[in-house]
Every structure is written in C-alpha cells, then in structure tokens.
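Trainee: Please take me through this structure, starting with the words I shall need.

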Amino acid sequence: MKILILKPSSLGDVIHALPVLRLLKLHFHDAEIFWWIDSALAPLIEGDRDLTGIVRFERKRWGKPRHWPEMLRSIRGLREQNFDLVIDLQGLARSAIFAWLARGKFLIGLDDTREGASAFYDVAVPRKSFHTHAVDWYLSVLPALGVPVHKHFEWLPERPEISAAVKSKWPTDGARWVALLPGARWINKRWPAEHFSELVRTLSKSHPDVRFAVLGGKDDQALGETISQSEPARVVNLCGATSLLEMIEFLRRCDLLVTNDSGPMHVAAALGRPLLALFGPTAPERTGPYGQLDHVLRLTLPCSPCLKSECHYEKPLECLRALPPAVVAQRAAAILS
C-alpha cells in the first residue's frame with residue numbers, strides 16, 4: 001500500500017498531524033507513506049522512521065508563474081506513485097486540489113467549509129464540535145479507514161545526533177532549565193516581554209537552581225534580549241540560534257516551558273514536557289497544548305476568545321497584558337516543586 005498525507009504547514013499543525021502517521025504505520029506495517037509538506041518545515045520529518053519519503057511544497061516559489069513548470073513536474077511525480085490512499089489534513093482548496101491531482105485510488109479529507117475543499121474528496125470527515133481539538137479531528141479520519149485510534153506510539157522520537165549536538169553547544173547538565181517562548185505569529189498572542197522578565201526575577205529568587213533559555217526565531221531576538229537583561233547570569237538568549245530540530249531536542253531536556261500560543265508549545269506537548277500556556281485571542285479547546293489543557297492560563301473577557309489576529313477591544317491586548325506575572329510565577333513554581 002502507498003499512502004500520501006498532505007499537511008504542509010504550520011509547525012503546530014504538522015505536529016498535530018504526526019499521530020495520524022504513527023497509527024497508520026502501526027496498522028499498515030508494510031505501507032510506504034509519503035508526506036506533502038512546505039519545504040521550510042521539511043527538516044521536521046526528514047529521515048522520520050515511519051516515512052518512505054517527503055514531497056516538498058515550494059509555497060513561495062510556486063506563487064510565481066515562472067516556477068509553474070516546476071510545480072507541474074511535482075504533480076506528475078505524485079501521479080507516478082499510484083497512491084492507494086490520499087489523506088488531506090489541511091482541508092483548504094489548495095491542498096484539496098493537489099490531493100485530487102495526485103489521482104490516488106481513494107481520497108479522504110477534513111470537512112472544512114471555509115474553501116469548499118470537501119468537494120474534491122471521496123469522504124469528508126466533519127469536526128465533531130466547535131471545541132474538538134485539532135489532534136482529535138485529524139485522528140477521526142482513521143476509523144473511516146479501519147485504523148484503530150490509541151495512544152501507544154512515540155509522538156516525536158529523539159534524534160540522537162541532534163541531541164548530542166545540543167548537549168555540546170549548550171550544556172544543560174547541573175541545572176534545571178525553564179524555556180521561555182515570548183514570540184508568536186500574531187502580535188496579540190504575545191504576553192509582554194516585560195512580564196516574562198518579571199517572571200524570571202521571581203522564579204530566580206524562589207528557585208536558585210533554575211536557569212532560563214529564551215527560544216524563538218530571528219524575529220524574536222529583541223524580545224529575548226529584553227528578557228535576558230532581567231537576570232544576565234541566569235538567562236541565555238537562543239532566539240535565532242537553534243535550528244528547528246535543535247529547538248525540539250533542547251525542549252526535551254527542559255523541566256518547564258512557559259509559552260505563548262505558538263508552534264513550540266505544541267512541540268513541548270508532543271514531547272510530554274511540563275508547560276504553562278498563556279492564551280488570549282485563541283481557543284485552547286481547539287488548538288491548545290494537547291493533553292495539558294489544565295495548564296492553560298487565560299483571562300475571561302467579553303471579547304475572548306475572538307479568534308482574530310488584530311485586537312479591537314477597548315483596552316488593546318488586555319487579554320494578555322492583564323495576566324499578572326505573579327499568577328504565572330505561582331503556577332510555574334508549583335510545577336517546578
């Protein structure tokens with residue numbers, strides 16, 4: 001059997017979809033499974049033991065007409081694989097069209113009404129309710145394929161070479177580490193950097209054995225610098241310094257992650273690491289840290305969750321600015337203790 005999974009982006013969404021891969025491979029031991037993924041995220045699953053191969057989606061390049069021949073070659077390559085089963089876990093028009101063009105024998109996807117993608121599927125699986133978590137929605141395609149759903153799998157297996165490189169670059173032995181994630185794609189998902197700084201000062205007093213690592217991309221370096229200045233001897237700013245796989249292996253060694261609603265939050269949840277997730281405009285029931293929704297901190301405001309990338313409340317960004325560092329520090333201290 002040959003299977004194609006389509007889930008090109010984003011980081012959190014791909015993490016959410018990995019259990020589908022794990023359970024497919026456990027059920028269909030000899031299946032050859034391929035994954036269609038945005039080239040920027042390809043390192044996340046390259047060399048994965050459950051995958052036969054990956055198909056790169058060159059999102060930025062293929063938007064330009066001069067690269068369309070390259071896109072057509074990719075589609076022809078998909079057709080030549082003669083897939084028995086195609087699973088679209090993106091549920092948007094673009095992914096559904098690519099899934100349909102792959103010409104697999106059976107096409108199943110998510111029944112998402114936003115862009116009419118379900119018109120391309122043989123079977124469309126609805127979300128049970130508005131609050132159904134993304135992981136559970138993705139997993140709901142499996143019973144339709146006769147694949148049992150359970151939790152007896154390793155979500156993100158360790159990459160020994162990457163783990164060794166992380167230990168060499170940033171020795172973590174001899175200290176307990178708290179990772180801080182101050183960035184997020186939406187500005188209104190970000191707990192203020194000054195609040196993170198206050199959290200560092202408070203935990204430094206109560207837990208002298210703890211050190212802090214600020215993680216994020218290059219765009220988060222300024223946030224990391226602000227936080228690292230709060231306790232220069234205790235905080236290391238790794239924003240922009242780690243690769244995606246290095247970030248994952250660093251999180252594997254941390255005792256706690258304090259994070260905004262972001263991709264690395266879902267990584268920590270998949271690793272089973274303790275975390276505190278700070279939520280404002282988004283709904284944790286749908287996209288919170290899977291298995292740790294009781295570790296979500298959020299304020300109840302008339303507008304929250306608004307599910308919007310821009311804040312229109314009378315007190316801008318109040319849903320996160322009003323979340324006190326003392327409250328987060330208290331919960332963090334309880335986990336560390």
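Mentor: A residue is called buried under 20% relative accessible area, exposed over 50%, and partly exposed in between, using a 1.4 Å probe and protein chains only. Helices (H or I, at least four residues) and strands (E, at least two) are DSSP runs, numbered from the N terminus. This is a predicted model, in which local features need pLDDT of at least 70 and side-chain atom pairs count only at pLDDT 80 or more, while totals for chains, interfaces and linings use all residues. Residues are numbered from 1 along each chain as its sequence is written, and side-chain values use heavy atoms, leaving out hydrogens and water.

Trainee: Let us begin with α2, then. Which of its residues are buried?

Mentor: Glu 70, Met 71, Ser 74, Ile 75 and Leu 78 are the buried residues of α2. Viewed down the axis of α2, they fall within an arc of 145°, so they line one face of the helix. The arc is taken from the directions that run from the helix axis to the C-beta atoms.

Trainee: Why would residues spaced like that point the same way?

Mentor: An α-helix has 3.6 residues a turn, so residues three or four places apart point the same way.

Trainee: What covers that buried face of α2?

Mentor: The cover includes β1 (2-6), β3 (53-57) and α3 (93-101). Contact here means heavy atoms within 4.5 Å.

Trainee: And how far apart are the end C-alpha atoms of α2?

Mentor: They are 19 Å apart, which agrees with the 18 Å that the 13 residues of α2 (residues 68-80) should span at 1.5 Å a residue. The expected span is 1.5 Å times one less than the number of residues in the helix.

Trainee: What comes after α2?

Mentor: Asn 82 follows α2, and it has a positive phi of about 55° although it is not a glycine. Asn 82 is placed in the loop between α2 and β4 (85-88) and counts as exposed, at 53% relative accessibility. Arg 103 also has a positive phi, about 60°, without being a glycine. Arg 103 lies in the loop between α3 and β5 (107-110) and is exposed at 60% relative accessibility.

Trainee: Why point those two out?

Mentor: Most residues other than glycine have a negative phi, and most peptide bonds are trans.

Trainee: Where are the cis bonds, then?

Mentor: One joins Ser 9 and Ser 10, with omega about -10°. Ser 10 is in the loop between β1 and α1 (11-27). Another joins Ser 304 and Pro 305, with omega about 0°. Pro 305 is in the loop between β12 (296-297) and α11 (318-321).

Trainee: Now the strands. What is the order of the open sheet of six strands?

Mentor: The order is β9-β8-β7-β10-β11-β12, with parallel pairing. β9 and β12 are the edge strands, each pairing on one side only. Two strands pair if DSSP finds at least two bridges between them.

Trainee: How many bridges join β7 to β8?

Mentor: Five bridges join β7 to β8 (residues 210-214), and the two run parallel. Ala 213 in β8 is the bridge partner of Ala 179. On to the next strand: three bridges join β8 to β9, again parallel, and Ala 213 has Val 236 as its bridge partner in β9.

Trainee: Is β7 enclosed or open to the outside?

Mentor: Five of the six residues of β7 (residues 176-181) are buried, so β7 is largely enclosed by the rest of the structure.

Trainee: What does Val 235 touch?

Mentor: Leaving out residues up to four places away in sequence, Val 235 touches Val 200, Phe 212, Val 214, Ile 227, Ser 228 and Ser 230. Val 235 belongs to β9 (residues 235-237) and is buried, with a relative accessible area of 7%.

Trainee: Is Asp 38 buried or exposed?

Mentor: Asp 38 is buried, at a relative accessible area of 11%. It lies in β2 (residues 32-38) and touches Pro 8, Phe 57 and Arg 59, not counting residues up to four places away in sequence.

Trainee: One last topic: which charges lie over rings?

Mentor: The charged end of Lys 189 sits over the ring of Trp 186, 4.6 Å from its centre. Arg 286 lies over the face of Phe 130, at 4.3 Å from the ring centre. The rule is that NZ of Lys or CZ of Arg must be within 6 Å of the ring centre and within 35 degrees of the ring normal.
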